[in-house]
Amino acid sequence: MIAQKFREVSGSAPEASSTAEVAEIAEEAYLYGLQQVIFYETRYNYTQAEDSNVYVGVNRYCFVNEGKPITPEFKAVVTPNATTLYATAFLDLQEEPVVMEVPEITDRYFSLQLMDQYGIYFLYAGNQFNGTRARAYLIVPEFWGGKIPAGFATTEVIHAPSRTAFANIRIAMMEGSEEEVRHINALQDQCTITPLSKWIDNGHRGVPGKDQELVPGRYRTFPRMAELVSRQVDRQTAEDFFTYLSLVLNDPGMPLMKDSRKEAEMLSRLAKIGIGPGKDFLWSELDRKMQNSLTEGFINGHKKVKKATQENLVYMNGWMVLNAEGGFDTEYLTRAVMADAGWGGPDSNVSHVGGFLFVDSDGKNLDGKYSYTLSFDMDELPPVTEFWSIPIYDADGYFVANELNRYTISSFMVDRGDLHIKDGKLTIYIQHEKPSDPARVQNWLPAPEGGFRFTARFYGPKIPIVDGSYNMPRPVRVK
């Protein structure tokens, strides 16, 4: 199938009273729409970009990085995790429900999570949430009038708030050996997404992805989308963003929130700049003054999100924790921060929490031209029920190649005894150059040459992680 191209026709004239008001609305629009815009582009990457390394069509899992541990070549999303293997997919529920099956997994952490275009998760499943046994979930779109098969329990029928969704299966990788990766891949092969009619025809069983034809998405596009499949946030222009936002608001699979006064007010504001449901938007039809004002607001919104990522979250001894309490429906800035710093991360603390860090213990930007130490007391490791990991990224949020192929330090490494511990302390050596001391090499987390950052993960966080009271150590620059 061929994607429907964006209709290049101009919409109604903007109604904002001044260039200042246009810039103000544009800034608000950036906070409101960044999550949905990245959803739209990422869905394009998975379902329509035929030259993409994650192109699998709709309702089929992509084994991220071909089912292997994520490496620096992987650029599909920012701040990926090195302690889980992912199977991700975009659901299309416009024609019928789908059945999602997961096998029994008893030897390691796993989760299945479903997210709508607003970044709100409407399903959390897996051993952290509802046990380890094999399950089948029926994902039902709104206004579907068909009959639900009798075999499904009510807890296995999930009513989706939209007709499109992002699915993410995480399975913990504790060692990274070839044997373990093969074991996880075998589990991933048993995770299926099957349209309900095909599931019934197949004897009430899922059809493996390898046995299903690739069905491309049929979503409206514009030419620049093909250039924005990686590093989306920082490569977008104002023209890109507002064209995306118009597509989002006119996508039949992305209904607006029910009874949301805040979103209704936002849509009223957007209508003043010619964007909204039923409106066509074409940047080239705008005069230079309007384009400049939209660009000004776009830049201001971008700066506001970047600043909030470093300053406006829960402070945990310098680490910034996104204390998400299920408020992505109204907390636009928080939603945008997650979209920018870790798109696809959870909107609720029930799963895991991310901790962002950009500066050292002196408040100076992390830079690979310096050496740092990160020290834990062994009796004060991060308080979690599952596991923790501390991946390192370049300034843009991507892994950088190093001779150890090591991109994270994790609780799995501690549990296996892979790290050198002395006098009850675990000291991680963060630097670009390889240490000369073998004990330090054992605990070496290679840093990029230039600026870098962290996005720690805490799976099954306990309250001290959520409220910031845990004394999480910060990197100390070696003098």
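This is a predicted model: local features need pLDDT of at least 70, side-chain atom pairs count only at pLDDT 80 or more; totals for chains, interfaces and linings use all residues.

Student: Which residue stands opposite threonine 192 in β9?

Tutor: That is glutamate 101.

Student: What sheet do they belong to, and in what order do the strands run?

Tutor: An open sheet of 4 strands, ordered β7-β6-β3-β9, with mixed pairing. The edge strands are β7 (157-159) and β9 (192-195), each of which pairs on one side only. From one strand to the next the twist averages 25°.

Student: How many bridges join β3 to β6?

Tutor: There are 5, and β3 and β6 run antiparallel. Within that pairing, valine 99 stands opposite leucine 138 in β6.

Student: And β6 with β7, parallel or antiparallel?

Tutor: Parallel, over 3 bridges. Valine 140 has histidine 159 in β7 as its bridge partner.

Student: Is β6 buried or exposed?

Tutor: Strand β6 (residues 135-140) has 6 of its 6 residues buried, so it is largely enclosed by the rest of the structure. In a regular strand, side chains alternate between the two faces of the sheet. Both faces of β6 are covered: Arg135, Tyr137 and Ile139 are buried on one side, and Ala136, Leu138 and Val140 are buried on the other.

Student: What is the lining made of, by class?

Tutor: The largest cavity has 16 nonpolar, 10 polar and 2 charged residues in its lining.

Student: What about the second largest cavity, how much space is in it?

Tutor: About 50 Å³. Its lining includes Val102, Phe110, Arg133, Arg135 and Tyr137. Two or more lining residues come from each of β4, β5 (121-126) and β6. By class, the second largest cavity is lined by 5 nonpolar, 3 polar and 2 charged residues.

Student: Now the open ones. What volume does the largest pocket have?

Tutor: About 540 Å³. Of the 25 residues that line the largest pocket, Val58, Asp92, Glu95, Val215 and Arg218 lie nearest its centre. The lining divides into 11 nonpolar, 6 polar and 8 charged residues.

Student: And the second largest pocket, what lies nearest its centre?

Tutor: Asp234, Lys306, Ala395, Asp396 and Arg453, out of 26 lining residues. The volume of the second largest pocket is about 460 Å³. At least two lining residues come from each of α1 (19-47), α4 (232-235), α7 (288-311), α8 (332-342) and β19 (452-461).

Student: Last topic, charged contacts. How many salt bridges does the structure hold?

Tutor: It holds 22. In one of them, arginine 269 is paired with glutamate 24, with the closest N and O atoms 2.7 Å apart. That pair links distant parts of the chain, 245 residues apart: arginine 269 is in helix α6 (residues 261-271) and glutamate 24 is in helix α1.

Student: How accessible is glutamate 24?

Tutor: Glutamate 24 has 43% relative accessibility, so it counts as partly exposed. Glu24 and Arg269 also belong to a network of salt bridges with Glu21, Glu28 and Lys272.

Student: Which residue does glutamate 180 bridge to?

Tutor: Arginine 108, with the closest N and O atoms 2.7 Å apart. The two are 72 residues apart: glutamate 180 is in helix α2 (residues 178-189), and arginine 108 is in the loop between β3 (98-102) and β4 (110-115).

Student: Are those two buried or exposed?

Tutor: Glutamate 180 is at 6% relative accessibility, so it counts as buried. Arginine 108 is buried too, with a relative accessible area of 10%.

Student: What about arginine 416, what is its partner?

Tutor: Aspartate 418, with the closest N and O atoms 2.6 Å apart. Arginine 416 is partly exposed at 36%, and aspartate 418 is partly exposed at 31%.

Conventions: Residues are numbered from 1 along each chain as its sequence is written. Side-chain values use heavy atoms; hydrogens and water are left out. On a 1 Å grid over the protein atoms alone, a cavity is a set of points where a 1.4 Å probe fits but cannot get out, and a pocket is an open set with protein on both sides within 12 Å along at least five of seven lines; lining residues have an atom within 4 Å of a point. Grid points are joined across faces, edges and corners, and a volume is the space filled by probe spheres set on the points. Ala, Val, Leu, Ile, Met, Phe, Trp, Tyr, Cys and Pro count as nonpolar, Asp, Glu, Lys and Arg as charged, and the others, Gly among them, as polar. A salt bridge is a side-chain nitrogen of Lys or Arg within 4 Å of a carboxyl oxygen of Asp or Glu. Buried means under 20% relative accessible area, exposed over 50%, partly exposed in between (1.4 Å probe, protein chains only). Two strands pair if DSSP finds at least two bridges between them. Axes are lines fitted to C-alpha atoms, for helices over the stretch in contact, and angles run from 0 to 180 degrees between N-to-C directions.
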